[in-house]
Amino acid sequence: TIENRGTLTIKDSVGNGKIKAVSENQSAYTMINDITGELYIEDGIIEAISNTTKVALESYGIYTKGAGVVTLGKEDSEVDVTYPEVIATAKNSTGAYFASAEGILYYCDGTMKGTKSSLYLESGATAYIIPTGYMERIEKQMTEYGEYVVSYLSDERLVELTIDGKTERYLTILDALDRIPTDGRLGEIKMLGNETLLEIAKIYNGQNVSIDLNGFIISRNEAIEGYVYGFINNGTLTIKDSSENKTGRIEVSSDSNVSAYAMYNATNGDLTLNGGTLIAVTGGRGLYNESSIKIKFYEGIVYNANNSSMEQSYMDPDNVVTLENVYLKQGVEEINGREYRKNYIDVTPNVTLTKVDGTILGFSSLQAAINASDDGAVGIVTLKENIELISLITIGSNKIIVLDLNDKKVYKISDSETMITNNGNLTIEDNSILEASTSFISPILPLCATLI
């Protein structure tokens, strides 16, 4: 409807004024703020509508190119959380879209709404919240066109922090994390509402942090140099969810060419999952572990999915600690048309080991079962589930292993064709499948091996 390359101010002196773009067969753009345009939207409604039944169509209330600058609302002493309203309706729509790293948004008043996203910032683009003591809140709203993502300004203190028995409330989880000391004292955070992170949430070496999601969502969608991080943990961090329905989650979203991590457990990170869901909703990793400290996984779900820059993968069970008699499971789930690999906890083992004396032990991983077999004695290792291997299986020189596939499948999706290196005595029973990405039996390097 309007393309701005100069300086444009939009006001609404009466009320209910609207600028609108409607398209049945094409994507709709109400305001294009081009290259060096300066756009001031003080009041009114900016609305874009495309056909909501056509998946390929998108719509944008404001689409900013280059070094365009948008000021939403008026920089004054009052905050209007409703107007101006920037709304986009389509199968895939974004309220305000900044397509360049040079774009800038000054957020003073109003709301942004879209079916895909309320606000998208290209990696490097910047959004400033002008009113002191306010932050962007994001929530979901159901309408006749489906579910909208809605951004608005709020001064509600929805993060509770307890240190040394003293409890205070803060506007954001970033504020609360800044108050936690680096001397190992526990800082307990409890979420009282949803929050969209405007920066990466970082836990530093020496900090000891517990976060109770309490049924709420912590999200982030802003990329920095091709990456989206929700949390980066370099300290001691526990995630839990005390809500009855266990709906708490940490999620990130991005374009398909961006590497996304809901939780990045860095070199010094000590992470415990005691509830909650970790997910990259547009593909990527719910959890990536760079630390030598094993993840303590007691409860919760971790989702990983493909995008154009990342391959989906399960967590490595040999780098995970679970409670006694519970196991790290592998599963596949489709969410909004995207296939995810998910890890979760269950009481049924993936592999069992039967020792010579008849003792039967359960394990999460094939390697752990092999390692637990007694040297020089026959250990019968039985698959109870199909297993995707994350790393190479090695059988030591003192092991005597009978691998019973039990009508299950062991497979590996990687460039390596080798799945098992045998330096001991290996017998493989059953007519089931050992397969690599090329769908044939991977090489087994034997000293003494029998395939039955």
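So, let's start inside: 13 residues line the largest cavity, and Pro317, Asp318, Ser365, Leu389 and Ile390 are the ones nearest its centre. A cavity here is a set of points, on a 1 Å grid over the protein atoms alone, where a 1.4 Å probe fits but cannot get out, and lining residues have an atom within 4 Å of a point.

Before I go on, this is a predicted model, where local features need pLDDT of at least 70 and side-chain atom pairs count only at pLDDT 80 or more, while totals for chains, interfaces and linings use all residues. Residues are numbered from 1 along each chain as its sequence is written, and side-chain values use heavy atoms, with hydrogens and water left out.

Back to that cavity. It holds about 80 Å³ of space, where a volume is the space filled by probe spheres set on the grid points, joined across faces, edges and corners. Searching the whole structure gives three cavities of 30 Å³ or more. In the lining of the largest cavity, α2 (366–372) and β37 (387–388) each supply at least two residues. Those labels come from DSSP runs, numbered from the N terminus: helices are H or I with at least four residues, strands are E with at least two.

Now, the sheets. Two strands pair if DSSP finds at least two bridges between them.

Zoom in on β6 (residues 45–50) and β9 (residues 85–89): they pair in the parallel sense over five bridges. Glu47 has Ile87 in β9 as its bridge partner.

There's also an open sheet of five strands, ordered β2-β5-β8-β11-β14, and its pairing is parallel. Its edge strands, β2 (7–10) and β14 (126–129), each pair on one side only. β2 pairs with β5 (residues 38–41) over four bridges, in the parallel sense, and Thr7 stands opposite Glu38 in β5.

For an antiparallel example, take β17 (residues 159–163) and β18 (residues 166–170), joined over five bridges. Leu161 sits opposite Glu168 in β18. The two strands make a hairpin with two residues between them, and Asp164 in the turn has a positive phi of about 55°.

Is Thr111 buried or exposed? Thr111 is buried, because its relative accessible area is 8%, and buried means under 20% with a 1.4 Å probe, protein chains only. You'll find Thr111 in strand β12 (residues 111–114). Its side chain reaches the backbone oxygen of Thr82 at 3.4 Å. Leaving out residues up to four places away in sequence, Thr111 touches residues including Leu72, Pro84 and Tyr152, where contact means heavy atoms within 4.5 Å.

The other one is Ser93, in strand β10 (residues 92–98). Ser93 counts as buried too, at 0% relative accessibility. What lies 2.7 Å from a polar atom of the Ser93 side chain? That's the backbone oxygen of Ala88. With residues up to four places away in sequence not counted, Ser93 touches Ser59, Ala88, Gly114, Thr115, Lys116 and Ser117.

Note on methods. Buried means under 20% relative accessible area, exposed over 50%, partly exposed in between (1.4 Å probe, protein chains only). A polar contact is a pair of N or O atoms within 3.5 Å; within protein, one must be able to donate a hydrogen and the other to accept it, and residues adjacent in sequence count only if both atoms are side-chain atoms. On a 1 Å grid over the protein atoms alone, a cavity is a set of points where a 1.4 Å probe fits but cannot get out, and a pocket is an open set with protein on both sides within 12 Å along at least five of seven lines; lining residues have an atom within 4 Å of a point.
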